[in-house]
Each structure stands twice: as C-alpha cells, then as structure tokens.
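Opening the notebook on this one. Jotting things down as I look them up.

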Amino acid sequence: SLVEYEDFAKMEMSVAGFAPPKPIKTFQQCGFDAQLMAAISKAGYERPTAIQCQALPAALSGRDVLGVAKTGSGKTAAFVLPMLVHIMDQRELDKGSGPIGLILAPTRELAEQIHKETRKFARAYSMRVSAAFGGLSKYEQVKDLKNGCEIAVATPGRMIDLIRMKACTLLRTTYLVLDEADRMFEMGFETQVRSILGQIRPDRQTLLFSATMPRKIQRLVADALTNPVHITVGIEG
Ligand code: ADP
Ligand code: MG
C-alpha cells in the first residue's frame, strides 16, 4: 500500500549525490500551475508520497534521478509531473515529431498502468501520450506516433520495432525514464535498453527507478546518468 508522508520518519529514506535539493512537503511547493494542480487534485492526491517529496524537486530542477524504491511508493507521479513541466518548456522550442518524453517499462501490464496514470496528468495540457507495447496493433501505434506525440510509454522491444519501421525517431527526446530497470534487465532487455539510450541525445535528463541495484544496473547508472540525486526509499525488512 501507499507510503504516506506521515510515515516518512519511520522509513529508511536516504538521499545522496551532489547537493540534493531540499525535499518538498506539499504539491503547492512544486510551483505547478493551476491546470496541473487541478489534475493532481482530480487524481485524489492530497500529499506527496516519500519518494515524490524528494524526487519532484530534484527532477524539477533538471537533475538526473536514481530512485531505489519498491512498488506502491508512487514513482509514476514522481517522474511524470516533472516530465510535463519539462515538455511545456520544450515543446515551443522544438516543433519536430517524436516524443519529447519517453518512458520505458518492462512489461505490457506495467506500461499500460503508466500510460493510464500519465494520461490523467497530461490531460491538463492536452498532451498526447502514445502507447508502444504488445497487445495493441502496430498499425495504430505507427499512426499515433506519426501524428506527433509529446510522450511515449513503451516496452523496449516494441520501441525498437517502431524505430526500425521508421515510425518514430528519438531525435527530439530530452527526458527519459527507465522504470523498473532491474526487471527490464531480468527480462533480457539490456541490449534493447542500451540501443535506445544510444539514440537519445546525451544531454537529456534521465530518471532511473529500480527496486534492487544489482551490478548490471549499477553499470547502467554509471553509463546513463550524470551526477544523479540518489534516493532510496523503503522500510527495510
Ligand atoms: P509505483 O510505481 O511506485 O508502484 P504508482 O505510481 O503506481 O507506484 O502508485 C501507486 C498507487 O498510488 C497508484 O494508484 C497511484 O495513483 C497512487 N498514488 C501515487 N501517488 C499518490 C499520492 N501522492 N496520493 C495519493 N495516491 C497516490
Ligand atoms: Mg510503477
């Protein structure tokens, strides 16, 4: 179940990395505009969860984020809300096609959940969120991506397919999220993830979330993130 701010003190929460920003305690402190605040209330979010308290200000300040947290900690909003702010700043500058924000997740089910959650907030700005994972027709996905979208939620395999089919380029991508990175690697997606990383400009903002930190993920962090704010959340047992 969800970890509330009240439980913050009871949690093994640690922050590392160069000059981590001060955590926020309320969504009001994030500087979101009225439209986004309305979407947050409409979603029923009253207070940020522990990981949101630390990841929101870090991501909003443009820092890379490494979040080590278990399921149910509220990771999606932690990376989606700053993504929307980033895109609002970026989309006037770059009217090209292809997603500005890309979210990679290990399975279709997880990608679907993230897609649903992202759309709740993206609606505030009428942003298009395209879905690129199995179970949906590739034809529809190609059409969707070619029509232009600001955000794509994808599994690594399907993303590679769509790039190969020239349905999508990542030339405009400046905000990348690797969600459940350990599971992506367990499922054998390391090559695909690294290939996708190689197609995104290196000066992007990168957020990586993982429940565990095996050696392979530590290497990925070293390769893909720059000076990240490292957040660990979880009641250790
Ligand atoms: P995780 O990815 O860490 O497993 P999710 O982002 O899927 O967690 O969030 C888990 C559930 O908690 C979702 O139903 C989500 O809508 C809800 N949730 C997330 N943040 C908040 C919040 N600040 N207040 C209330 N509900 C929240
Ligand atoms: Mg999640």
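First thing I wanted to know: is Val221 buried, partly exposed or exposed? I get partly exposed, because 19 other C-beta atoms lie within 10 Å of Val221; the cut-offs are 20 or more for buried, 12 or fewer for exposed and partly exposed in between, with C-beta atoms placed from the backbone.

Ground rules before going on. This is a predicted model, where local features need pLDDT of at least 70 and side-chain atom pairs count only at pLDDT 80 or more, while totals for chains, interfaces and linings use all residues. Residues are numbered from 1 along each chain as its sequence is written, and chains are lettered from A and ligands numbered from 1 in the order in which they are written.

Back to Val221. I find Val221 in helix α9, residues 215-224 (helices are DSSP runs of H or I, at least four residues, numbered from the N terminus). Beyond four places in sequence, Val221 is in contact with Leu66 and Leu208 (contact: C-beta atoms, placed from the backbone, within 7 Å). I also checked Ala181: 40 residues from Val221 in sequence, 9.8 Å away C-alpha to C-alpha.

Next, ligand 1. I see 15 residues around ligand 1, the closest being Tyr45, Thr71, Gly74, Lys75 and Thr76 (C-beta atom, placed from the backbone, within 6 Å). Helix α3, residues 75-90, gives the largest share of that shell, three residues.

Last, confidence. The protein chain averages a pLDDT of 90 (the predictor's per-residue confidence, 0 to 100), and I note ipTM 0.99 and pTM 0.93. Residues 3-10 stay under 50. Where pLDDT is low, the predicted coordinates should not be read in detail.

Notes:
Two residues are in contact if their C-beta atoms, placed from the backbone, lie within 7 Å. Helices (H or I, at least four residues) and strands (E, at least two) are DSSP runs, numbered from the N terminus.
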